[in-house]
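Thanks for asking me to look this one over.

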Amino acid sequence: MDWWQALILGIVQGLTEFLPVSSSGHLVIFRELLGVDPDGFLDFTVMVHLGTVISTIIVFWKLILDLVKGLFKFRYNDETDYVLKLVVSMIPVAIVGFFFKDFVEGLFGESLVVVGVCLLVTAALLLLSDIATRKEWVKPNSYRNGISYWQAFVVGIGQALAVAPGLSRSGTTIATGLLTGVRREKMAGFSFLMVLVPIIGEQLLSIVKSLHGTGTFFSGDVSGLSLAIGFVAALLSGLFACKAMVALVKKARLGWFSLYCAIVAIVIFILA
């Protein structure tokens with residue numbers, strides 16, 4: 001992987017991680033377009049995901065700090081309630097990660113056709129949630145912190161299903177939340193925060209396995225320079241995309257992202 005390829009792929013990861021268009025799907029698409037060797041690409045994926053995780057922490061640092069402070073007051077307050085609901089949302093993806101990760105990865109693979117199909121599913125979810133909220137088919141709730149435990153769990157199921165390349169994690173979780181009655185202004189922050197622990201845990205696990213000789217991290221041909229460039233590019237572009245997506249979820253129509261996903265899927269089917 002050349003430095004300029006790492007730069008482009010890092011920017012793609014940063015922009016698409018928070019926009020509801022599937023970062024994993026776009027990484028596969030651009031990897032093929034740029035002619036990047038798949039060997040060692042997992043290393044690169046780990047690094048750019050860490051970059052977007054850090055951008056999330058930077059954007060939401062005040063909220064995260066408030067949650068930590070409230071949690072250590074050791075009483076059931078708003079912060080404790082929010083953190084517990086985040087934990088509940090992580091249960092489905094933890095189950096998939098611990099018990100079915102290899103099966104799911106083998107089931108879906110990273111073919112462009114699979115990406116195209118999953119992008120169509122993302123498009124359908126975004127369109128449905130957009131119509132449902134604007135037509136007021138689903139009434140917003142008044143639960144504490146704007147989300148209930150059962151809604152957090154359902155949104156977590158959406159995140160667990162989004163392991164498939166092309167099925168947007170942010171798009172799936174936001175759409176699922178809106179369809180269950182979570183308000184727009186509450187769903188964006190919850191969606192981005194709920195992914196922090198699973199992603200950090202997955203990347204650290206990959207590194208630990210490699211240090212013990214049982215993993216594949218840093219076993220490919222991607223240079224340290226390419227990894228560093230991809231990391232920085234994902235971090236900086238992720239800062240922009242994260243802030244933009246929070247504003248878009250509150251005001252903009254998700255149907256435009258649905259149209260984009262559908263168009264990309266059609267192009268993939270034509271060219272694949």
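Before we start, a word on the labels: helices here are DSSP runs of H or I with at least four residues, numbered from the N terminus. Please also keep in mind that this is a predicted model.

1. **A pocket to look at.** Let's begin with the second largest pocket, whose volume is about 330 Å³. Which helices supply at least two residues each to its lining? They are α4 (61-71), α5 (78-108) and α10 (196-211).

2. **What lines the pocket.** In total, 14 residues line the second largest pocket. Nearest its centre you will find Ile 64, Leu 67, Leu 86, Leu 196 and Val 197. By class, the lining counts 14 nonpolar residues, with no polar and no charged ones.

3. The structure has four aromatic pairs.

4. **Another edge-to-face pair.** Have a look at Phe 72 and Phe 74 too: their planes stand at 90° and their ring centres are 5.8 Å apart, so this pair is edge-to-face. Phe 72 has a relative accessible area of 55%, and it counts as exposed because that value is over 50%. Phe 74 is exposed as well, with a relative accessible area of 70%.

5. **A ring cluster.** Back at Phe 18 and Phe 192, Phe 60 joins the picture: ring pairs link Phe 18, Phe 60 and Phe 192 into a cluster.

6. **A lysine over a tyrosine.** What lies over the face of Tyr 149? That is Lys 85, at 5.3 Å from the ring centre.

7. **A buried threonine.** Finally, do visit Thr 122, which sits in helix α6 (residues 112-134). Its relative accessible area is 1%, and Thr 122 counts as buried because that is under 20%. Where does the side chain of Thr 122 reach? It comes to the backbone nitrogen of Ser 168, at 3.1 Å.

Notes. Residues numbered from 1 in each chain as written. Predicted model: local features only at pLDDT ≥ 70, side-chain atom pairs only at ≥ 80, totals over all residues. Heavy atoms only, no water. Phe/Tyr/Trp six-rings, centres within 6.5 Å; stacked < 30°, edge-to-face > 60°. Buried < 20%, exposed > 50% of the residue type's maximum accessible area, 1.4 Å probe, protein only. Lys NZ or Arg CZ within 6 Å of the ring centre and 35° of its normal. 1 Å grid on protein atoms, 1.4 Å probe; cavity = no way out; pocket = protein on both sides within 12 Å on 5 of 7 lines; lining within 4 Å. Points joined across faces, edges and corners; volume = space filled by probe spheres on them. Nonpolar A, V, L, I, M, F, W, Y, C, P; charged D, E, K, R; others polar. Polar contact = N/O pair within 3.5 Å; in protein donor to acceptor, adjacent residues only side chain to side chain.
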